[in-house]
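Here is a tour to follow in your viewer, one selection at a time. Please have the model loaded and a selection tool ready.

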Amino acid sequence: MLQEYIFIGLFLLIGVIFPAAPLLVSWLVRPKKPNPLKSETYECGIETVGDTWVQFKAQYYIFALVFVIFDVETVFLFPWAVAFDQLRLFMVLEMVLFIAILAAGLIYAWRKGALEWM
Amino acid sequence: MDLLKDPLVFLYLQIEATLRSAGLAPELVNVAMQLIGVVVVATFCLLLIIFTTWLERKVVARMQDRLGPNRAGPFGILQSIADVIKFLTKEDLMPTGADRWVFNIAPLMAVIAVLLIWAVIPFSWNVIGTNVNIGVIYVVAVGAFGTLSILMAGWGSNNKYALLGAFRVVAQLISYEVPMILALLVPVLLARSMRMNDIVMAQGVWFIVLAPIAALIFFITSLAEVGRTPFDLLEAESEIVAGYHIEYSGMKWALFMLAEFLHAFTISALFATLFLGGWRGPGVGDLNRPGIPILGVVYFLIKSFLVYFVVMWVRGTLPRIRIDHMLAFCWKFLTPVALVNISVMAVVDKLIPATAGLWGRAGILLLTNLVMGAGILIAVAMVAHRARQREAALLAQAEALPATVGTAR
C-alpha cells in the first residue's frame, strides 16, 4: 500500500524539478533589462484604472456551489461501483434512488434559474 | 529472449540486480528503482510533447490548407527544439502590481497537475508507474490542480483580461468535471475496480462497445477540461486577448503551453486506457499467460495517437462556443444524460445473468446504450420543438402588437 504511494511522492518531487529546471536555465541565459514601460499591465496601452482584485459576479459562485454538491455526492458512487459484485438488486436500486435525489436537486436548481447565464 | 520480448522490465531487473550486488540496503534499492521509474515516465512525457507539438502544428496546418513548420530540419521536425531555445533566451516580464508568489508558482503547478496523471497510466500489463487502488479518483483529483493553477495565474497577474479568463475557467472546468466524473463511473462499474490496470484487464470487449454514451460524454468533457477549441473560452484570443496567461512571457508561458499540449495527449491516453482497451491487442498476453509485453506499449501508443488525431481534428473543425451555451450544454444536457446513463447501466448490468458470457453481456449493454441514445435524441428533439414553438408564439405576439395600436388610433 505505502509502496504505491512512494512512487507518487517521488513523482511529485520530479514533477517539481523537471519544469523548474528550464526556468533556472532560462534565468541564467535570458537578458534582464526591466524598465517601467515593460512591466506595465498589458491591457490597452494606457495605465489601468482601478483595482483588478475586485468582487466578482455572483453567477460564478452559484455554479461553484452546485458543483460542490454534485462532486461530494458522486464520490459516494465510486465505492458503490467497486463493490458492485457483492450488491443485490435492491442495493443497486437504492443507489438509483440516490441518483434520482441528485437529479431532483439539479432540476430544483434549474427551475430556480441558477443555471441561467446572466 | 527476455530482452527482445520485454526490454523495459529486463533492464529494470538488471539495474536492480546491479544495485543489490553493489551492497545497497534493500529499502534504498527499492526507492532508487522507483526513482528511476519516475524519471523514465516523466522524461517520456516531456519528450513526447516535443513531438506532439510539432505533429499538432503540422496536422492543423494541413487542415487549414497551410504547410505548417517546414524550415527547421526535415519536415520542420526540429521546430519544437528551436522554439524551446527561443523561449529560454527570452526576457521574463512581471507586471508591477502582480502577486509575486502566486504569479511564479502557477506555471509550475500547471505542469505538475498534468504530469502526475501519468503515474497511474498503464503502458503494458507490467509497465505501469503505480497501480494504486483509487486510480480513477486519483486522475480526477490531480487534474483539479490544473484549474487551481489557472485561477492562480489569472488572479496573480493583476490584469483584468487575465482575471476574466480565470473566472471563466472556474465556471467551465468545474462544471464539466461533474459529467466527467459520472462518465468515469461507468468503466469503474463495468470493471468493478478503480485500478487502471484492472480496468484494462476487464476489457475483453472494449468498453467503447459496452458503453458508447459514457465514452462520448467522457470525450466531450475532457476536451472541455483541456480547454481545446470548441471550449477554449478561457483563452479566447479574439475576446480577452489570451486570458489567464496574457502577462506571461518566455519560459513561464512555455510551461503553460507544455501543460496544455501534455494534457491534450493525456486525455487521449486516458480515453485509450478506459474505453479502447489500453495495451490490449493480439500477442500481448496478461498476468496469467505472459506474451510479449512490449507490444502492449506499441498498441497503447497507437490507440492514444488515434484519439489524439481526433482531438486535433475537432480543433481544426469546430468554432468556439459562447459561454452561456457552453454551460447550458453541460448542466442541462450532459449532466442529466450522464445521470440517466449511470442508473440504467447499473440496473441492466445487475440484471444480466452470469451465463450471458462476455459477448452476451456486451451485446445487451450495447443494445441498452443504443435504445438510451435514441431516447435521448427524441427527448432533445421534443424539447427543442417546444422551445421553437414558444419562440414563434412570442414573435407572433410581438408582431400583432403594433397592428392593435394602429387600429386604436
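**Stop 1: where the chains meet**

Select chain A and chain B together: across their interface, five residue pairs are in polar contact, both residues of each pair at pLDDT 80 or more. A polar contact here is a pair of N or O atoms within 3.5 Å; within protein, one must be able to donate a hydrogen and the other to accept it, and residues adjacent in sequence count only if both atoms are side-chain atoms.

Now pick out helix H1 (2-29), helix H2 (58-82) and helix H3 (89-112) of chain A, each of which supplies at least two residues of the side that touches chain B. H1(A) brings the largest share, 20 residues. Colour that side of chain A by class and you will find 47 nonpolar, nine polar and 11 charged residues. In this scheme Ala, Val, Leu, Ile, Met, Phe, Trp, Tyr, Cys and Pro are nonpolar, Asp, Glu, Lys and Arg are charged, and the others, Gly among them, are polar. Helices (H or I, at least four residues) and strands (E, at least two) are DSSP runs, numbered from the N terminus.

A note before going on: this is a predicted model, in which local features need pLDDT of at least 70 and side-chain atom pairs count only at pLDDT 80 or more, while totals for chains, interfaces and linings use all residues. Residues are numbered from 1 along each chain as its sequence is written, chains are lettered from A and ligands numbered from 1 in the order in which they are written, and side-chain values use heavy atoms, with hydrogens and water left out.

Which residues form a salt bridge between the chains? Select A:Asp85 and B:Arg192, whose closest N and O atoms are 2.8 Å apart. The count between the two chains is one salt bridge (a side-chain nitrogen of Lys or Arg within 4 Å of a carboxyl oxygen of Asp or Glu).

Then show the whole contact (heavy atoms within 4.5 Å): 67 residues come from chain A and 82 residues from chain B. The area buried between them is about 7000 Å², and carbon and sulfur atoms give 76% of that. Buried area is the accessible area (1.4 Å probe) that two parts lose on being put together, summed over both.

**Stop 2: helix H4 of chain B**

Go to residues 79-88 of chain B, where B:Gln79, B:Ser80, B:Asp83, B:Phe87 and B:Leu88 are buried (under 20% relative accessible area, with exposed over 50% and partly exposed in between; 1.4 Å probe, protein chains only). These residues pack against H1 of chain A, along with helix H3 (26-63) and H12 of chain B.

**Stop 3: B:Thr266**

Stay with H12, residues 250-275, and select B:Thr266. B:Thr266 counts as buried because its relative accessibility is 0%. Its side chain makes a 2.9 Å polar contact with that of B:Trp118. Leaving out residues up to four places away in sequence, B:Thr266 also touches B:Val114, B:Ile117 and B:Ile121.

**Stop 4: B:Ile352**

Next, find the loop between helix H14 (323-351) and helix H15 (357-408) of chain B, where B:Ile352 lies. Is B:Ile352 buried or exposed? B:Ile352 is buried, at 12% relative accessible area. Among its contacts is B:Leu365, 13 residues away in sequence and 9.0 Å away in space, C-alpha to C-alpha.

**Stop 5: zoom out**

Chain B has 15 helices and two strands, and 53% of its 409 residues are buried. Chain A has three helices and zero strands, with 32% of its 118 residues buried.
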